[in-house]
Amino acid sequence: MLLEVSTLAAGYLGQTVVQGVNLEVSPGEVVAIIGSNGAGKTTLMRAIAGLLRPMAGRVSLAGRDMTRWPAHRVAGAGVAYVPAERHLFPAMTVKTNLVLGAYPHRPQREALELVFEIFPALKPRLQQRAGTLSGGQQQMVAVGRALVAQPRLLMLDEPSTGLAPKLAKDAFEALGSLKGRGMTLLVAEQQVPLALSVADRGYVLENGRITLEGTPHELDRNPEVRRAYLGVA
Amino acid sequence: MKAVILDGIILGLGFGLLGVGMTLVYGLGGVLNLAYGEFAVLAAIVVAQAISGGMPTVLAAVLGILAAATAGVLLDLSLMRPVYRQSTGHRVLLGLMLTLGLAFVIEGVLTWRDPLGGLTISIGGKPISILGVPIAVGSVWAALITLAVGVVLLVFFAATTFGRGVRSVIQDELGARLVGISPSLVRTVIFGLSGALAGLVAVTQSMTSPLTVSGGFNLTVYALIVSVVGGLGSVAGAFLAGILLGIVDDVSARYIGSYISDIVLLGAAALTILVRPRGLFGS
């Protein structure tokens, strides 16, 4: 198992937001966490990424306990997290943003080539300041910066945030081609059809707890999921 | 007039270097180090004592710079720990209170131990003519050292991995953590660099005019002004602002009176906040 989360609880200022979360991601697998706004998806992702110290439970990467590691150490161990707000370096060029993804090393040529293959639109914009890009392009830089680290696990929080439907679809197509290259992905997304289009497995998070788990096919057929997330009566 | 401007540029280079150490620390998390000028004084006293103890001047200068760098690192590892645990607003206030307190302590101790202490490094030789203006040898040396260090700093922050890492923390701390950078480690290193720069400014300044035990507060104020005008967190901005302010300072001191020049500089900082709050180069 690459990522193993067991009985995890996390929250803010003593308030529990997610609890009792058990979740697994195998190497090469694409796993979706679906749930509505406020279900706790971001809190869960932040706790795994080390941005939020879990209140209870355990997070391990390839068997190594990393529950209380700070974010920079989690990143160094090969977990790249792309938050919904992206957190690019706005006054730096696209190129410098990408290069920093490999910190403290120099970026590998293959890693940069992969980024340009997945996001050809970035190539002509390498010298542009990241802060001047459109939302869709910034999302590409954020994912690109994470890819340059050649992560063992790529975590994305709401990649569709702030994107027009067409661009959101493009973003998930890009994730699909990463999947085709064997990348392990953990994606939190409230647009359930998009998430299920790329996932091998999905977890449904409701009020901070995992209520369902299954393949896209199983989740798709589940009457609860259909009513709550797919707009089917 | 030419002489005044040239003098101003030389003065301003020193302002710029001084500003770098203040502006980087501020950019990395909102702390204005009010003990900054006292680090320079500390270095000056260490250098003066070492020289009077028989140490060669260059070695003494290195020792003084190291002492100030150590003071910077120790400040970060001690008083700054609770500061960086606060959220932004409280962080600024707590940082101001603690560093102001430290400034009083350092100044108090130095004044008590060495009330007449100060540093003058005199470099002999006939004034060198630059563009027809005679400039004291000490000033020329001070300006050259400052320029060289300024270039090294600019290259360091633009082109090295760690330098880019520092800028990334200034621009988006969370983003920096996500690419594997430890903001607290970066801050410790930059506090050390900041102390070293204060120490270097003490050395270069003492080549043109004495730096005394009571001179720390003025240096802190100059560093603050340069940081604000240059743009918080910007090395190039600090140098440009330093040179501009050096010229303004010298011109106003010459044509109006030296009593007015500090007020003119503070006015320039206030005007910057009103007209261009991010400063010349701030992001």
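Some ground rules. This is a predicted model, so local features need pLDDT of at least 70 and side-chain atom pairs pLDDT 80 or more, while totals for chains, interfaces and linings use all residues. Residues are numbered from 1 along each chain as its sequence is written, chains are lettered from A and ligands numbered from 1 in the order written, and side-chain values use heavy atoms, leaving out hydrogens and water.

Start with the sheet in chain A. Four strands form an open sheet in the order β2-β1-β4-β5, with antiparallel pairing. Strands here are DSSP E runs of at least two residues, helices are H or I runs of at least four, and both are numbered from the N terminus. Two strands pair if DSSP finds at least two bridges between them. Which strands stand at the edges? β2 (15-25) and β5 (64-65) of chain A do; each has a single partner strand, so one side of each is left without a neighbour in the sheet.

Further in, β1 (residues 3-12) and β4 (residues 56-61) of chain A are joined by five bridges. A:Glu4 has A:Ser60 as its bridge partner in β4(A). Helix α1 (residues 41-49) of chain A packs on this sheet, touching β1, β2 and β4 of chain A. Contact means heavy atoms within 4.5 Å.

Next, β6 (residues 79-82) of chain A. A:Val79 and A:Tyr81 point one way, A:Ala80 and A:Val82 the other, and all are buried. Buried is under 20% relative accessible area, exposed is over 50%, and partly exposed is in between (1.4 Å probe, protein chains only). In general, side chains in a regular strand alternate between the two faces of the sheet. β6(A) pairs with β7 (residues 153-157) of chain A in the parallel sense, over four bridges. There, A:Val82 is bridged to A:Leu156.

Now aromatics. The whole structure holds three aromatic pairs over all chains. Rings of Phe, Tyr and Trp (its six-membered ring) pair with centres within 6.5 Å; planes under 30 degrees apart are stacked, over 60 edge-to-face, the rest tilted. B:Phe156 and B:Phe162 have ring centres 6.2 Å apart and planes at 40°, so that pair is tilted. Buried or partly exposed? B:Phe156 is partly exposed, at 27%. B:Phe162 is also partly exposed, at 21%.

Last, B:Ile190. It touches residues including B:Leu24, B:Phe157 and B:Val166, leaving aside those up to four places away in sequence.

Terms used: Axes fitted to C-alpha atoms, helices over the stretch in contact; angles between N-to-C directions.
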